[in-house]
Amino acid sequence: MKLFGVAKIKCYYKFMEVKIIRQKRKTMVLKVLNSQVAELHVPIKMSAYKIEEFLESKRNWLNKAQKRMLENENFSNYFDLQKYVYVNGEKVYNVNCLAMDYDNFTDEKKHKVLRKHYLSLFQQMEKLAYELSEKTGLTFKQLKSCDSTRIWGSYNSDRIMKLNWKLVVLPKRLAYYVVCHELCHSLHFNHKPQFWKDVEKICPDYKKLKGELKKYSFVLRTKF
Ligand SMILES: [Zn+2]
């Protein structure tokens, strides 16, 4: 490993370049700039061995950071904000770009418009929730949209069910699973085996869907 200037670390997906920056400081700080480049700030006299040891101890962390960066980079490719966006898991024409001065919008404004568009589609989720509630007999007192970067939905003891508006981005089968999952919390406020048995009754594929949903967690984390 070359330790002055740039170190190349083999990560899970591809090599990551770590720029080693020597400066007046006492501790080492590792910053990931994108999926291919990181910076390691080290004290001026830190030995090559210590730097190598530190990088080695951070390998798992780097792998994870790289994975997250890659997901976000892929995601911004999906949402090129010009012509195409994702709705119900499918790439569709971004109708917003028909606005006369769309090309002159800042990225921030484009995000705002897209977000508004997604929120207008949230009624699809409401429809799904009411239909599934009727079909299964599992009820809620109130349905609300939520804007979490961690969870797709929730169901609390006041019987308020919340669904993340970003569900409209995902393939419909995944939104279906999330609604089934939350509806089953009307029976159990936990994730014990009986809860999953009830989920399975209304969503037999739930294990597969649950796994697939994990792959989309970057949608939750992305601000748009
Ligand atoms: Zn749950």
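**Sheets, cores and domains in a predicted model**

Student: In what order do the four strands of the open sheet stand, and what is the pairing?

Tutor: In this predicted model, the order is β1-β2-β4-β3, and the pairing of the four strands is mixed. From one strand to the next, the twist averages 25 degrees.

Student: Why is one side of β1 and of β3 left without a neighbour in the sheet?

Tutor: β1 (6–10) and β3 (29–32) each have a single partner strand and stand at the edges, so a side of each has no neighbour in the sheet.

Student: What makes β2 and β4 count as paired strands?

Tutor: Pairing calls for at least two bridges between the strands.

Student: Which strands make up the open sheet of three, and which of them stand at the edges?

Tutor: The order there is β7-β9-β8, again with mixed pairing. β7 and β8 stand at the edges with a single partner strand each, so one side of each lacks a neighbour in the sheet. The twist in this sheet averages 15 degrees from one strand to the next.

Student: What makes the pairing in that sheet mixed?

Tutor: β7 (residues 142–146) and β9 run parallel and are joined by five bridges, with Leu143 standing opposite Met161 of β9. β8 (residues 153–155), by contrast, pairs with β9 in the antiparallel sense over three bridges, and here Gly153 has Leu163 of β9 as its bridge partner. In the hairpin of β8 and β9, four residues lie between the strands, and Arg159 takes a positive phi near 65 degrees.

Student: Why is β9 described as largely enclosed by the rest of the structure?

Tutor: A residue is buried if 20 or more other C-beta atoms lie within 10 Å of its own. Four of the five residues of β9 are buried, so the strand is largely enclosed by the rest of the structure.

Student: Which elements give two or more residues to the largest nonpolar core?

Tutor: This core has 25 residues, and those with the most contacts inside it are Leu167 and Val178. The elements giving two or more residues to this core are α4 (123–136), β9 (160–164), α5 (172–184) and α7 (206–214). With eight residues, α5 gives the most. Another core lies apart from it and has nine residues, including Met16, Val18, Ile20 and Ala38.

Student: What is Val178 in contact with, leaving aside its neighbours within four places in sequence?

Tutor: Val178 is in contact with Trp152, Gly153, Leu163 and Leu167; because contact requires C-beta atoms within 7 Å, each of these residues meets that limit. As for helix α5, it lies across β8 and β9 and runs at about 15 degrees to β8.

Student: How do you know what span to expect for α4, and what span does the model give?

Tutor: The expected span is 1.5 Å times one less than the number of residues. α4 has 14 residues and reaches 20 Å from its first C-alpha to its last, close to the 20 Å expected. After α4 comes Gly137, with a positive phi near 80 degrees.

Student: Where do the domain bounds fall?

Tutor: The domain assignment gives domain 1 (6–76), domain 2 (79–120) and domain 3 (123–221). Taken over C-alpha atoms, the centres of domain 1 and domain 2 are separated by 34 Å.

Terms used
Residues are numbered from 1 along each chain as its sequence is written. This is a predicted model: local features need pLDDT of at least 70, side-chain atom pairs count only at pLDDT 80 or more; totals for chains, interfaces and linings use all residues. A nonpolar core is a set of buried Ala, Val, Leu, Ile, Met, Phe, Trp, Tyr and Cys residues joined through C-beta atoms within 7 Å. A residue is buried if 20 or more other C-beta atoms lie within 10 Å of its own, exposed if 12 or fewer, and partly exposed in between; C-beta atoms are placed from the backbone. Two residues are in contact if their C-beta atoms, placed from the backbone, lie within 7 Å. Axes are lines fitted to C-alpha atoms, for helices over the stretch in contact, and angles run from 0 to 180 degrees between N-to-C directions. Domain bounds come from an automatic or database domain assignment.
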